[in-house]
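Here are my notes for a colleague opening this model for the first time. Please read them with the structure in view.

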Amino acid sequence: MSRITVFVARKIRTMEPSLPEATAVAVRDGSIVEVGTLETLRPWLEAHPHTIDRTFEKHVLMPGFIDPHLHPSMAAYLLQCEFITAMEWQLPDRTVAPVRTRDAFLARLKELHEANPDPREPLFTWGYHRDWHGEIWLQDLDAISRTRPLILVHRSFHETIVNDAALDYFELDRQKLRGAHQVDIDRGHFYEAGNRFVRAKLSAYLLSQQRRGPAMKRTAEVIHLGGHTTVGDMAFGIFDHEAEWAGSVAAFDNDETPFRVEFVPHVAFAGTGLRLEQLAALPERNRRRLRFGKHVKLFTDGAFFSQLMQLGGPGYIDGHDGEWLMAPEAFEKAARALWNDGYVIHVHCTGDLGVELALDVLEKLQWERPRINHRFTIEHFGISTSAQARRIADLGALVSANPYYVYELSDIYSRRGIGHERASQMVRLGSLSRNRVPFALHSDFTMAPARPLQNAWIALNRINAAGDVLCPQERVSLDEALRAITINAAYVMGLEHEIGSISSGKKADFTVLEADPFEVAPLELRDIPIWGTVFEGQPYPLGKR
């Protein structure tokens, strides 16, 4: 039998109501033997060989942070792009300064183009957003270069804008694509379902075998930097499921990786994703760090960052319409097949009509074939109504929310999108709390930085990038915010029996902090330094991967 290691800490925040605080945790073979104090652990220590490890005696241990909705392959794709974004981004290798006007965006793009001596090498950028950068189309990119392929991946990832050189380089047939759904070939614009035409070409380049490995390793650095020990790949198969699997095995299936990945397949629609008949065989691939359960992902409406979410009245200020990612009848058909086969369904919903469609279908399915503890999960939860929060509770659904929308978008959307009332109430976590709906927080990286403490900070404070407090009635408590990145995130993933809190029998996954979240001021929560993590009993300090 293996030797017990006892980690002694200044404080252990277990996220277990029955034993919320401790100072020592005993670990053996990657699992927790018991948590408490050196005195309460004495029967174990007297009976078994053990080592007392005081590495963390001045630190605070929490359950390993969990992001249930992140995209490792998409991150590998986008981390190869030059970031030109309206917000500052802190990455493992650099800090990106914000760019917030059309002229500044085009000037930065031109600067990047001129810095590369090879006029034929594609230049990829990510972060373009019309609300800050104005309208930029194929003609504007051609004015910078007619020889270099220029590719603007929209901040939402759901849109791509390219120049003529990129159409030629990636062999995108103008005539065949003219009139295609959600494609404006004359402006070089591919969006929502139409984005698949260009994304397939770009991913073949950016996720080629020679480029994929280094990019996936950078993704691993980002995940570790946030203090994660578990992440969910919430759309496995969006590019090419075999290539994504091979890339994940090569990058993550080794002892240097301090986290596990739970894969949630993206089920086929509009020519992308996995077919229903492919799902059952996926768990046969499971490894220690890479696992499939019986969870799947579907979509209702369009991208929040593109203002293509489907909204009920009064709609958008400028009168434009949102988009469906799946036609409502196609969504219902797919959801019924998955529901009847026992899958846990996660649904991308960004606008209140997207939420309404998901709840209408859930109510039908419950009537047709009732299921207990189904954990049907609303993902993102951008715009909703207070009535929907109550209906989510009535139907027994869960929410995995992206609070970063509040930080980056509430100010500008109140002026240029949907008005102050709905913008201030986006991601209404307080309403979920009042209705006792379990909720998790996620980043959808790169839709938000992969920083769980920042997400908890936003949920706790609801302060946006402009420094305004948005709808304080939708704040949640510190305990709720921290549960949303630990035990509730585990619950959304169906893993609360093995991760999410520090309790005997669970995985020995810890995030090691330099300060106690319950002792710092609410405004200081996101600034707590992270020492590193412990994954299944093995310490992984930051910067050592």
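**Notes on the model**

1. Start with a charge and a ring. Arg187 lies over the face of Trp137, at 3.9 Å from the ring centre. Keep in mind throughout that this is a predicted model.

2. Arg94 and Phe83 give another case. The charged end of Arg94 sits over the ring of Phe83, and the distance to the ring centre is 5.5 Å.

3. Aromatic rings also pair with each other. The structure holds 27 aromatic pairs. One of them joins Phe157 and Phe239: the ring centres are 6.0 Å apart and the planes stand at 75°, so this pair is edge-to-face. The cut-off behind that label is an angle over 60 degrees.

4. Turn next to helix 3. This helix covers residues 102-115, 14 residues in total. From first C-alpha to last it reaches 20 Å, close to the 20 Å expected at 1.5 Å a residue.

5. Which residues of helix 3 are buried? They are Phe105, Leu106, Leu109, Leu112 and His113. Viewed down the helix axis, the buried residues of helix 3 fall within an arc of 125°, so they line one face. The face turned away from that buried side carries the exposed residues Asp103, Glu114 and Ala115.

6. What covers the buried residues of helix 3? The cover includes strand 7 (82-83), strand 10 (123-128) and strand 11. Helix 4 (130-133) and helix 5 (138-144) are also among the covering elements.

7. Lys11 deserves a look. Its place is in strand 1 (residues 4-13). Is Lys11 buried or exposed? Its relative accessible area is 15%, and the limit for buried is under 20%, so Lys11 counts as buried. Leaving out residues up to four places away in sequence, Lys11 touches Glu21, Ala22, His59, Val60, Leu61, Asp516 and Glu519.

8. Last, the cysteines. A disulfide is a covalent bond between the sulfur atoms of two cysteines. The structure holds zero disulfides. Cys81 is buried, at 2% relative accessible area. Cys471 counts as buried too, at 17% relative accessibility.

Notes:
Residues are numbered from 1 along each chain as its sequence is written. This is a predicted model: local features need pLDDT of at least 70, side-chain atom pairs count only at pLDDT 80 or more; totals for chains, interfaces and linings use all residues. Side-chain values use heavy atoms; hydrogens and water are left out. Helices (H or I, at least four residues) and strands (E, at least two) are DSSP runs, numbered from the N terminus. Buried means under 20% relative accessible area, exposed over 50%, partly exposed in between (1.4 Å probe, protein chains only). Contact means heavy atoms within 4.5 Å. Rings of Phe, Tyr and Trp (its six-membered ring) pair if their centres lie within 6.5 Å; planes under 30 degrees apart count as stacked, over 60 as edge-to-face and the rest as tilted. A charge sits over a ring if NZ of Lys or CZ of Arg is within 6 Å of the ring centre and within 35 degrees of the ring normal. The expected span of a helix is 1.5 Å times one less than its number of residues. The arc is that of the directions from the helix axis to the C-beta atoms. A disulfide is a pair of cysteine sulfur atoms within 2.5 Å.
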